[in-house]
Amino acid sequence: MLLMVWSILLGWGMALALNAAEKPNVIAQGTPVALGTVDYVPERYQTGLKLYLENCGSCHVALPPEVMPTDTWRTLLLEPEQHYGQQLKQISRPFIFIVWDYLRAFSRPLVQEEQTPFRLTQSPYFKALHPRVELPRTVNATSCVSCHQNARDYDYRTLTAEWEDSP
Ligand code: HEC
Ligand code: HEC
């Protein structure tokens with residue numbers, strides 16, 4: 001059964017990849033980022049992104065994958081029953097694989113021997129993405145919006161005027 005789902009997914013992925021190849025390269029043309037996200041999201045990851053926003057953006061803003069290591073996302077997907085003291089609905093198969101595909105493609109693995117962080121304040125990637133910001137200890141999924149005014153629309157590029165104007 002699983003094998004069947006996989007082969008369907010693979011076939012589907014191939015079809016999407018082939019489709020994409022026929023289209024002009026949008027990144028090279030400097031088209032604005034799809035959906036207001038940080039990165040351009042190729043067609044083959046769009047379903048994963050949509051499912052991610054639906055499943056992970058209802059209680060708090062959907063966090064962009066690059067702020068946490070791949071390992072963190074993996075654990076969070078695998079352990080919905082213990083989500084920071086909350087019980088999440090299990091994302092059903094094969095959707096969970098599609099979400100995982102998206103999260104994995106847009107995050108980086110941990111450097112060996114680093115501990116998997118579960119708080120943004122402990123994530124080396126979150127720090128790396130914020131060179132100008134002396135991050136307050138209280139940063140969490142609800143405070144992004146204080147500097148990223150459009151975080152609720154999954155837009156982490158637009159900054160509040162205070163940050164936009166500062167060097
Ligand atoms: C039922 C509501 C709910 C849903 C749905 C939900 N979360 Fe959460 N999430 C929480 C709560 C509650 C916290 C902890 C808030 C706190 O203690 O700061 C949290 C915290 C987090 C954090 C840690 C942020 C930090 O540094 O404090 C991450 C990462 C996260 N969630 C990812 C996800 C992902 C990925 C999904 C989808 C699989 C998801 N969440 C879906 C309720 C939810
Ligand atoms: C105190 C203000 C502040 C808070 C809070 C904050 N950010 Fe940022 N963020 C910035 C600034 C400013 C930048 C631009 C990089 C720099 O100058 O350090 C940035 C950059 C980013 C980028 C890179 C954007 C790009 O153009 O590549 C991402 C992704 C991001 N933030 C995500 C988040 C998330 C997710 C949260 C909440 C968990 C958050 N930020 C909380 C100020 C903040």
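Me: Which residues are the protein donors of the iron atom of ligand 2?
Reply: This is a predicted model. In it, the iron atom of ligand 2 has protein donors at 1.9 Å.

Me: What is the arrangement at the site of the iron atom of ligand 2?
Reply: This iron atom has 6 donor atoms. The angles among them run from 87 to 179°. Six donors count as octahedral if opposite ones are over 155 degrees apart and all others between 65 and 115. The site is octahedral.

Me: How many residues apart in sequence are the parts that His 130 and His 148 tie together?
Reply: His 130 lies in the loop between α5 (124–128) and α6 (161–164). His 148 also lies in the loop between α5 and α6. The pair therefore ties together parts whose separation in sequence is 18 residues.

Me: Are His 130 and His 148 buried or exposed?
Reply: Buried means under 20% relative accessible area. Both His 130 and His 148 fall in that class: they are buried.

Me: Which residues coordinate the iron atom of ligand 1?
Reply: Here too NE2 atoms do the work, at 2.0 Å. Counting 6 donor atoms, with angles of 88 to 179°, the arrangement is octahedral. The pair links distant parts of the chain, 23 residues apart. The coordinating residues are His 60 and His 83.

Me: Where does a backbone N or O atom lie 2.7 Å from an oxygen atom of ligand 1?
Reply: Ligand 1 is surrounded by 17 residues, with Cys 56, Cys 59, His 60, His 83 and Arg 119 the closest. A side-chain N or O atom of His 60 is 2.8 Å from a nitrogen atom of the ligand. A polar side-chain atom of His 83 also lies 2.8 Å from a ligand nitrogen. The backbone atom in question belongs to Leu 120.

Me: What is the relative accessibility of Tyr 156?
Reply: Tyr 154 and Tyr 156 belong to one aromatic cluster, which also includes Trp 73 and Phe 106. Tyr 154 is buried, at 4% relative accessibility. Tyr 156 is buried as well, at 11%.

Methods: Residues numbered from 1 in each chain as written. Chains lettered and ligands numbered in written order. Predicted model: local features only at pLDDT ≥ 70, side-chain atom pairs only at ≥ 80, totals over all residues. Heavy atoms only, no water. Donors = N, O, S within 2.8 Å, 3.2 Å for Na, K, Ca; no water. Tetrahedral: all angles 85-135°; square planar, octahedral: opposite > 155°, others 65-115°. Helix = DSSP H or I, 4+ residues; strand = E, 2+ residues; numbered from the N terminus. Buried < 20%, exposed > 50% of the residue type's maximum accessible area, 1.4 Å probe, protein only. Phe/Tyr/Trp six-rings, centres within 6.5 Å; stacked < 30°, edge-to-face > 60°. Near = heavy atom within 4 Å. Polar contact = N/O pair within 3.5 Å; in protein donor to acceptor, adjacent residues only side chain to side chain.
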